[in-house]
Amino acid sequence: MSSSDSIAINRAYLDSLVLEGRIIGAVHPDAGWTLFGKTFQTPVMTAALSHLGKVHPGGVPELARGAALAGAAAQIGMGGVDELKEAASGNSGVIKVIKPYQDEKEIFSRIEAAEEAGALAIGMDLEHAINTDDDLDSVVAGYPMEMKSVSQIAAYVKASKLPFFVKGALSVSDALRARDLGVAGLILGHHNGLLRWAVPPVQVLPEIRKAVGSDLVLIIDGGIADGADAYKALALGADAVSVGKPLMGPLGESGAEGVAATINRITSELKGYMARTGVKDLKHMDPSVIHFRKA
Ligand SMILES: Cc1cc2nc3c(=O)[nH]c(=O)nc-3n(C[C@H](O)[C@H](O)[C@H](O)COP(=O)(O)O)c2cc1C
């Protein structure tokens, strides 16, 4: 592990946060929330995964179906229109994250397809336009990507009635620019370390929440492995969290049921932390519960 490894830096930061107990008057908490008028039983959702055919024959649609079984939304990643339609038919809370294709036709056709398929929202992982190494021009699964200008992003936002997420934002500056463009929310993360030395999403989250207030939906992406991680993100200002790699093993072993069981496990752990810290529902999450661990 190199010290520039953003996944390791993120893990260490999450593990540096500890919780105070507020046990007097504890109640059974409610972890439900509403996104764009649709109610979910949990703020835990799938990360935008793709190329899952080798993990499970049902691939991405099976992942989305598993999220639906747990009452969860599902981000889905790169993939064709048929896959998108199948995923959206199995989960009415699909957020289709579109790649920053160099070919704009690929983008607009997927935006249209997401609307037709009944997706809840769309987004773009803008961070994947740039490789980690010296070669800045990313090619993903054979498709050339492109860094996107403000006017291009504005055109994607305007192309559809669906709310639009920017994935890969990790700063107040991007948050404010995204808000000005009419973006509905941010998926805060670094896409498995595409940006080395990345500030942990949960570390920059309070500044971003303070800057945008309730104007943007904020989803924390990257390194969320259990209910404690989810709790810390939600307490520090996230509306929801996404889980990617930890769902791949369960998807491979037990398909949708495995995905649902993992989301249910993280949700019940989250509720345990909520109960022990005096939080009755997600609207009452309180950052003052969080302390930094001193060695
Ligand atoms: C197999 C795999 C495929 C992925 N495909 C996409 C994708 O198509 N689009 C995208 O925005 N992110 C994609 N990601 C990144 C995830 O959405 C997520 O940002 C990243 O894995 C960090 O979250 P995690 O630590 O919970 O895995 C992919 C990740 C994995 C492991």
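In helix H4, the residues Ile107, Arg110, Ile111 and Ala114 are buried; a residue is buried if 20 or more other C-beta atoms lie within 10 Å of its own, exposed if 12 or fewer, and partly exposed in between, with C-beta atoms placed from the backbone. They cover an arc of only 105° around the axis, which puts them on the same side of H4; the arc is that of the directions from the helix axis to the C-beta atoms. This is a predicted model, in which local features need pLDDT of at least 70 and side-chain atom pairs count only at pLDDT 80 or more, while totals for chains, interfaces and linings use all residues. Residues are numbered from 1 along each chain as its sequence is written.

**Helix H4**

- Helix H4 comprises residues 104-117; helices (H or I, at least four residues) and strands (E, at least two) are DSSP runs, numbered from the N terminus.
- The 14 residues of H4 reach 20 Å from the first C-alpha to the last, close to the 20 Å expected at 1.5 Å a residue; the expected span is 1.5 Å times one less than the number of residues.
- The exposed residues Lys105 and Glu116 lie on the face of H4 turned away from its buried side.
- Helix H3 (81-90), strand S6 (94-98), strand S7 (121-125) and helix H5 (150-158) are the elements against which the buried residues of H4 pack.
- Just after H4, Gly118 has a positive phi of about 85°.

- Leu120 lies in the loop between H4 and S7 and is buried, with 21 other C-beta atoms within 10 Å.
- Not counting residues up to four places away in sequence, Leu120 touches Leu35, Phe36, Lys38, Ala73, Ser92, Gly93, Val94 and Ile95; two residues are in contact if their C-beta atoms, placed from the backbone, lie within 7 Å.
- Val97 belongs to strand S6 and is buried, with 28 other C-beta atoms within 10 Å.
- When neighbours within four places in sequence are left aside, the contacts of Val97 include Ala48, Ile76, Met124 and Lys167.
- Val97 and Leu126 are 29 residues apart along the chain, and their C-alpha atoms are separated by 9.8 Å.

- Most residues other than glycine have a negative phi.
- Phe36 has a positive phi, near 50°, and is located in the loop between strand S2 (33-35) and strand S3 (38-40).
- Phe36 is partly exposed, with 14 other C-beta atoms within 10 Å.
- Trp197 also has a positive phi, near 60°, and is found in the loop between strand S11 (185-188) and helix H7 (201-212).
- Trp197 counts as exposed, with 12 C-beta neighbours inside 10 Å.

**Nonpolar core**

- The largest nonpolar core has 91 residues; such a core is a set of buried Ala, Val, Leu, Ile, Met, Phe, Trp, Tyr and Cys residues joined through C-beta atoms within 7 Å.
- Helix H9 (residues 248-276) supplies the largest share of this core, nine residues.
- Among the residues with the most contacts inside the core are Leu63, Leu186 and Ala233.
- Ala233 is in contact with Val202, Leu205, Ile220, Ile224, Ala238 and Val241, leaving aside its neighbours within four places in sequence.

**Ligand shell**

- The ligand is surrounded by 20 residues, the closest being Ser50, Gly77, Met78, Asp125 and Gly244; a residue is near a molecule if its C-beta atom, placed from the backbone, lies within 6 Å of it.
- Strand S4 (residues 44-49) contributes the largest share of this shell, three residues.
- The shell divides into seven nonpolar, nine polar and four charged residues; Ala, Val, Leu, Ile, Met, Phe, Trp, Tyr, Cys and Pro count as nonpolar, Asp, Glu, Lys and Arg as charged, and the others, Gly among them, as polar.
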